[in-house]
Amino acid sequence: MTGVCVNTSSATTGRAPNSPYERLAELGIELPASPPPIANFVTHVREGNILYLSGQGPREADGFMHSGKVGAEVAVEEAYRHARLTGINLLAVMHEALGDLSRVKRVVKLLGMVNATPTFGDHPSVINGCSDLMVAVFGEAGKHARSAVGFGSLPGNITVEIEAIVALQD
């Protein structure tokens, strides 16, 4: 899959963005190709009107993965940007799975995992990078339940990993 970019910003249409793609364009975000799984699992499973997304990490479009320990060599602000990037990767998986992000009825739940030092305590501020993005892209439907927790390590020493549960339109 190649990146997705739709040029329908409100600057050219004179109205507020309505679709997730218009909101992405307003944010200057082009969806990358959906990242491939790193082990023996699939990126998503659909069961009825629920889409379960496997954990994604802060992977750049060129494959570079941000790594490090939050609270040591990685600052909260940088980790927030990594969580936002992880959210973009979750959106790329949603787009691949659904063919159209407008099929998202609601982002139900996020589980955000932070690769943090034992004394780090600001996990919610890090995972807000993804949460803020979901609200920016889906509006009220992007508001979700969430857990933001710290781990002693994550695969490949990545800074964050986030998984999602999404309800779909009938």
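This is a predicted model: local features need pLDDT of at least 70, side-chain atom pairs count only at pLDDT 80 or more; totals for chains, interfaces and linings use all residues.
1. Strand β2 covers residues 50-56 and strand β5 covers residues 160-168; the two run antiparallel to each other and are joined over 5 bridges.

2. Now for the whole sheet. Five strands make up an open sheet, in the order β1-β2-β5-β3-β4, and the pairing is mixed. At the edges sit β1 (44-47) and β4 (145-151), each pairing on one side only. From one strand to the next, the twist averages 15°.

3. Two helices are worth a look against this sheet. Helix α3, residues 76-98, lies across β1, β2, β3 (104-115) and β5, and runs at about 140° to β2. Helix α4, residues 123-138, also packs on the sheet, where it touches β3, β4 and β5. The direction of α4 makes about 160° with that of β3.

4. I also checked how α3 is drawn out along its length. Its 23 residues reach 32 Å from the first C-alpha to the last, close to the 33 Å expected at 1.5 Å a residue. Just after α3 comes Gly99, with a positive phi of about 80°.

5. Finally, a word on confidence. The chain has a mean pLDDT of 92, with 90% of its residues at 70 or more. Residues 5-13 are the stretch to treat with care: their pLDDT is below 50. In the model, this stretch has 11 contacts beyond near neighbours in sequence.

Note on methods:
Residues are numbered from 1 along each chain as its sequence is written. Side-chain values use heavy atoms; hydrogens and water are left out. pLDDT is the predictor's confidence in each residue, from 0 to 100. Contact means heavy atoms within 4.5 Å. Two strands pair if DSSP finds at least two bridges between them. Helices (H or I, at least four residues) and strands (E, at least two) are DSSP runs, numbered from the N terminus. Axes are lines fitted to C-alpha atoms, for helices over the stretch in contact, and angles run from 0 to 180 degrees between N-to-C directions. The expected span of a helix is 1.5 Å times one less than its number of residues.
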